[in-house]
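This report takes the structure piece by piece. The sequence and the model come first, and the details follow.

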Amino acid sequence: MGMTNEGERPPGPPPTGAAFLLAQLGAHAAGLFAERLAELDLTPPQSGLLRLLADSPGRSQRELADDLGMPPSRFVAFADELEERGLIERRRNPADRRLYAVHLTDEGGKLLDGLRKVGAEHERLMTDGLSEQERNQLTGLLRRLAARQGLIPGVHPGFRSMRAERTGRGAGRRKGPPSDGADTGTAP
């Protein structure tokens with residue numbers, strides 16, 4: 001089964017490489033996960049922030065923006081909505097009174113429990129058809145590739161390009177405590 005004419009490909013789908021398949025599966029997985037999160041009234045970046053706060057509460061807005069790969073000026077409006085919903089709160093940082101430490105509220109913790117269930121179901125769905133050994137092998141290989149690319153573990157690189165107007169209701173309105181220097185200008 002060779003070329004039909006000089007330079008022509010045989011009939012059928014074009015061959016694909018690992019990079020394309022990773023992109024194809026990544027886009028598919030991200031879309032499905034976003035749909036599942038919408039049932040919890042969350043966006044993927046919001047879920048990322050809740051997970052970060054559960055793992056390391058009391059961090060400054062600037063630190064969280066850096067970890068999410070988000071411009072600090074956009075983080076403020078992003079966090080405002082979650083604070084308005086009662087999921088996070090800003091408290092004076094006891095070590096540096098100029099800064100605010102961000103924490104999950106009890107309500108945010110309850111929502112995080114639902115988020116964990118959604119995440120576990122999404123993981124099961126996306127790896128359906130693989131044995132436990134194959135899932136572990138795939139996860140290890142993907143972690144190694146992500147590390148070689150300099151990606152931050154647990155942080156989706158798409159957050160860097162997140163625009164403030166896509167964070168939902170209330171974006172752009174400034175409420176609450178000062179921004180600990182993160183609100184240094186307007187978003188482009």
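Predicted model: local features only at pLDDT ≥ 70, side-chain atom pairs only at ≥ 80, totals over all residues.

Are the two partners buried or exposed? Arg-90 is buried, and Asp-80 is buried too. The pair is also part of a network of salt bridges, in which Asp-80, Glu-83 and Arg-90 are linked. Side chains of opposite charge can pair when their charged atoms come close.

## Other salt bridges

The structure holds eight salt bridges. One of them joins Arg-91 to Glu-89, with the closest N and O atoms 2.6 Å apart. How much of this pair can be reached from outside? Arg-91 has 38% relative accessibility, so it counts as partly exposed. Glu-89 is at 29% relative accessibility and therefore also counts as partly exposed. The cut-offs behind this class are 20% and 50%.

Another salt bridge pairs Asp-96 with Arg-98, where the closest N and O atoms lie 2.8 Å apart. Arg-98 counts as exposed because its relative accessibility is 67%, and exposed means over 50%.

Strand 2 pairs with strand 3 (residues 96-104) over six bridges, in the antiparallel sense. A hairpin of two residues connects strand 2 to strand 3. Two bridge partners can be picked out. For Arg-92, the bridge partner in strand 3 is Tyr-100.

Pro-45 is one of the residues in helix 2. Pro-45 has 10% relative accessibility, so it counts as buried, the class for values under 20%. The C-alpha atoms of Pro-45 and Met-70 are 9.6 Å apart, and these residues are 25 apart along the chain.

Asp-41 lies in the loop between helix 1 and helix 2. Its phi is near 60°, a positive value in a residue other than glycine. Most residues other than glycine have a negative phi. Asp-41 is partly exposed, because its relative accessible area is 38%.

## A nonpolar surface patch

Which residues make the nonpolar surface patch? Leu-22, Leu-130, Leu-138, Leu-142 and Leu-145 do, and the patch covers about 390 Å². Helix 6 (residues 132-148) gives the most to the patch, with three residues.

Leu-22 lies in helix 1 (residues 18-38). Leu-22 has a relative accessible area of 43%, so it is partly exposed. A patch residue needs over 30% relative accessible area, and the 43% of Leu-22 is given above.

## The protein as a whole

The protein has six helices and three strands. Along the sequence, these elements follow the pattern α-α-β-α-α-β-β-α-α. The protein has 188 residues, and buried residues make up 30% of them.

The accessible surface comes to about 11900 Å². Carbon and sulfur atoms account for 54% of this surface. What share of the contacts between residues at least 6 apart in sequence joins residues at least 24 apart? That share is 64%.

Technical notes
Residues numbered from 1 in each chain as written. Heavy atoms only, no water. Patch = residues over 30% accessible without salt bridge, like charges linked within 9 Å, V, L, I, M, F, W, Y side chains within 5 Å. Areas by Shrake-Rupley, 256 points an atom, 1.4 Å probe, with all protein chains shown as cover. Salt bridge = Lys/Arg side-chain N within 4 Å of Asp/Glu carboxyl O. Helix = DSSP H or I, 4+ residues; strand = E, 2+ residues; numbered from the N terminus. Buried < 20%, exposed > 50% of the residue type's maximum accessible area, 1.4 Å probe, protein only. Pairing = 2+ DSSP bridges. Contact = heavy atoms within 4.5 Å.
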